[in-house]
Amino acid sequence: MKPVLLSGDEAVARGAHEAGCAVAAAYPGTPSTEILENLARYENVWCQWGSNEKVALEIALGASIGGARALAAMKHVGLNVAADPLLSMGYAGVNGGLVVVSADDPGCHSSQNEQDNRLYAPLAKVAMVEPSDSEECRTYIRAAFDLSEAFDTPVLFRMTTRVCHSKSLVVPGVPRDPAMKPYVRNTGKFALLPTVARVRHRLVEEKLLALEEYANTSPLNRIEWGTSREVGIITSGIAYQHAREVFGDGASYLKLGLTFPLPSKLIRTFARSVSRLYVIEEGEPYLETKVRLLGFDCIGKELVPLCGELDAGILRAAFLPQPSPAGQKEDAPALPVAPPRPPVLCAGCPHRGFYTALGKRKKSVVGVGDIGCYGLGVNPPLEGFDYSICMGSSFSSAIGFSRALAQSGDARKVFAILGDSTFFHSGIPGLVDAVHLGANVCCCILDNRITAMTGHQETPGTARDLMGNEVVPVDVVALVKATGLPEERIRVVDPLDLAATGAAMDEAIAAQGPFVIVSRRPCVLLKDVAKSLEGQWCEVDQKLCRQCRQCLKIGCPAIASKEGRIVIDDPVLCTGCGLCMQVCPFGAIRKGGSVR
Amino acid sequence: MSGREERNILLVGVGGQGTILTSKILSQGLVDLGYDVKMSEIHGMAQRGGSVSTQIKYGRKIYAPNIGPGEADLLVAFEKAEALRWFPWLRKGGILVLDPREIYPVPVLTGAATYPENVVESLSAVVENLRVAPAAKVANELGSPRSQNMVLLGALVSLLGLEGAAWKDLVARFVPPKARDVNLLAFERGAALVMR
């Protein structure tokens with residue numbers, strides 16, 4: 001077939017389809033999201049979002065036990081959520097091949113940390129495969145399914161942002177049939193009671209020795225001899241591409257694709273054949289530690305940064321220092337500085353209404369945030385919350401936070417804020433405990449009917465699933481009521497109605513104990529919402545405007561102070577949501593487009 | 001491809017300006033012309049009105065997908081202040097194509113920061129090869145502000161001498177059907193654009 005330009009995520013989907021993957025599940029998370037979105041377009045594979053990564057991996061592991069080739073995909077921090085099933089599946093092994101994709105994010109392009117999930121493979125005692133470009137994503141995921149079945153192990157398929165989101169040429173292969181393996185009851189393998197687990201642990205250790213033996217000769221691990229053996233480089237994943245770019249054909253490479261268990265013999269052979277040994281890897285010194293354990297001195301993390309994303313320039317500066325090629329004319333004058341341009345809540349975003357109402361009560365509340373678009377509300381001018389740690393942590397951490405504040409005599413009410421998708425992901429247990437323990441917390445669910453930040457994936461609250469089937473939407477408010485919280489402590493508001501939203505917040509502040517506000521309005525970028533708002537905008541009456549700049553405090557990208565006047569700068573951007581009209585004390589802003 | 005084996009293009013702008021779509025079409029055209037191509041984009045959080053960049057490398061054989069500081073042969077800024085932000089990525093002797101369109105970031109809107117003045121003048125004192133491409137203005141004249149990206153694509157194809165690919169077919173394939181005609185027109189206007 002003709003080569004096609006695919007991202008790593010698209011190529012993983014293609015490869016999984018070719019491998020006969022029959023069941024796939026994921027929770028959306030940058031940079032992994034597009035794997036399932038693309039896999040769902042192929043036939044013969046049942047693709048669904050799980051409400052969190054643990055659920056997604058458990059859907060996949062159940063399918064594997066049942067005899068299907070199965071895949072679960074998630075971002076790196078998602079694997080923390082799914083670590084529980086991963087670590088025990090290592091003991092149990094598989095029936096149908098099981099591949100777990102972890103998409104790491106060195107450089108924190110879209111994440112709260114840059115953890116290196118290669119370290120999970122030895123902990124979970126599962127095989128690990130790392131691709132370095134899109135074609136390897138396709139071929140290695142096929143190899144990963146085969147490896148999983150051949151060695152009776154789940155395979156951790158570890159990608160990084162630049163592998164996931166770079167496009168390179170792929171030659172599509174021929175798909176095999178999703179041949180199902182027979183399911184036979186086998187409690188000695190899959191029912192991990194202590195007596196079984198003790199036996200399985202020994203078996204895993206034996207399996208890993210066999211896997212390491214295989215890794216020494218696997219085509220996924222290869223030596224590329226250069227024109228010289230002066231410099232030898234051990235590398236894997238995207239770091240291989242950077243190393244090739246910098247050191248070219250002059251150096252020799254041990255390019256590792258099967259990176260747990262690491263191939264000791266192959267590493268020894270390579271290390272003994274070169275004069276100087278470099279280990280080039282992004283993140284933790286994972287390969288370097290092994291090389292040193294084998295007794296070889298090498299240059300690794302002393303020159304290659306531990307923090308941040310790697311690129312060829314960084315390697316060049318570290319290993320081949322020379323005057324930087326950057327810069328233009330000599331003795332050029334200093335340039336003006338570009339203003340910061342942080343990502344912001346979109347014009348018309350319902351979250352802006354919620355944060356605007358909350359901001360008017362700043363003296364009485366402390367906000368606690370979570371992971372999602374609404375996390376952007378931490379920035380000025382909204383400054384809607386004080387901290388955010390990880391998915392679903394706002395409700396649960398607010399229980400302890402409110403306790404600590406109360407104990408120090410701080411009377412402010414804690415408002416814990418998360419979105420609908422995060423609520424389903426891991427917010428529900430926190431809500432249950434807040435209600436059950438009588439925590440003095442207002443739990444706020446910013447329900448915009450979709451997983452917005454990652455590009456509009458379905459949630460359990462939507463009426464369609466990933467494959468386009470009509471499904472039962474799970475009712476957020478009914479779930480809240482099911483905790484037993486009295487109805488007078490539950491409010492459902494439209495966040496673009498500032499008066500109503502503010503009134504609900506005032507009730508929550510006044511009430512001692514748990515309170516819930518469901519702030520409900522669909523994301524403004526949803527296609528049908530955007531369509532319904534077409535041709536609507538607001539405009540400023542310059543005769544009435546007194547330049548008080550209240551409208552600028554909502555942080556809307558559509559309204560600006562330009563040449564001494566407040567203007568709706570871009571009527572295409574403005575959705576006519578009317579929030580600026582509500583905060584204007586002089587009635588100077590009105591609807592310009594068709595009136596709703 | 002005289003001299004060096006590869007070319008690095010960096011497209012920068014503001015989330016929502018269509019830099020990714022432009023890069024997709026440009027990359028596919030380069031594949032059709034027989035080059036090895038890698039294109040790298042960052043999405044997720046940066047989409048929401050933040051500073052965005054996409055990177056295209058093409059040549060005989062490409063390894064690393066991303067372009068570091070001082071490595072871009074061509075820097076294409078869809079917005080004026082973004083040209084300043086990404087200028088350090090341009091290599092010495094590289095070309096800067098700049099659309100003088102201004103999009104104020106929220107810190108400027110709220111008065112926490114100021115939008116820089118005399119950007120084009122300052123950059124022209126520093127960059128040897130600066131080309132001003134008023135693509136947003138052309139797109140506005142066509143009644144389709146969103147087609148700024150296709151004007152710039154047309155301009156790039158001319159600038160790079162890549163006319164050999166079926167660019168119009170690619171544009172038609174990648175843009176939404178209802179916006180096809182105006183985008184094709186935008187591409188044509190861009191290809192004929194005189195850059196100073």
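Over all chains the count of disulfides is zero. A:Cys298 likewise takes part in none, the nearest cysteine sulfur being that of A:Cys307 at 19 Å, and A:Cys298 is itself buried, with a relative accessible area of 4%.

## Basis of the values

This is a predicted model, in which local features need pLDDT of at least 70 and side-chain atom pairs count only at pLDDT 80 or more, while totals for chains, interfaces and linings use all residues. Residues are numbered from 1 along each chain as its sequence is written, chains are lettered from A and ligands numbered from 1 in the order in which they are written, and side-chain values use heavy atoms, with hydrogens and water left out.

A:Asp116 lies in the loop between strand S5 (98-104) and helix H6 (120-124) of chain A, and A:Arg158 in strand S7 (residues 155-160), so the pair ties together parts that are 42 residues apart in sequence; helices (H or I, at least four residues) and strands (E, at least two) are DSSP runs, numbered from the N terminus. Both A:Asp116 and A:Arg158 are buried.

A:Glu130 sits in the loop between strand S6 (127-129) and helix H7 (134-151) of chain A and is buried, at 1% relative accessible area. Its side chain makes a polar contact of 3.2 Å with the side chain of A:Arg158 and another of 3.2 Å with that of A:Ser236. A polar contact is a pair of N or O atoms within 3.5 Å; within protein, one must be able to donate a hydrogen and the other to accept it, and residues adjacent in sequence count only if both atoms are side-chain atoms.

Within helix H7 of chain A, A:Arg138 and A:Glu135 form a salt bridge of 3.0 Å, N to O, and, being three residues apart, they are separated by about one helical turn. A:Arg138 is buried at 9% relative accessible area, whereas A:Glu135 is partly exposed at 21%.

## The interface between chains A and B

In chain A, 63 residues are in contact with 68 residues of chain B, contact meaning heavy atoms within 4.5 Å. The two chains bury about 5300 Å² between them, 59% of it on carbon and sulfur atoms; buried area is the accessible area (1.4 Å probe) that two parts lose on being put together, summed over both.

Four salt bridges are counted between chain A and chain B, among them the one between A:Arg316 and B:Glu71, whose closest N and O atoms are 2.6 Å apart. There are also 14 residue pairs in polar contact between these chains, both residues being at pLDDT 80 or more. On the side of chain A that touches chain B, H11(A) gives the most, with six residues.

Methods
A disulfide is a pair of cysteine sulfur atoms within 2.5 Å. Buried means under 20% relative accessible area, exposed over 50%, partly exposed in between (1.4 Å probe, protein chains only). A salt bridge is a side-chain nitrogen of Lys or Arg within 4 Å of a carboxyl oxygen of Asp or Glu.
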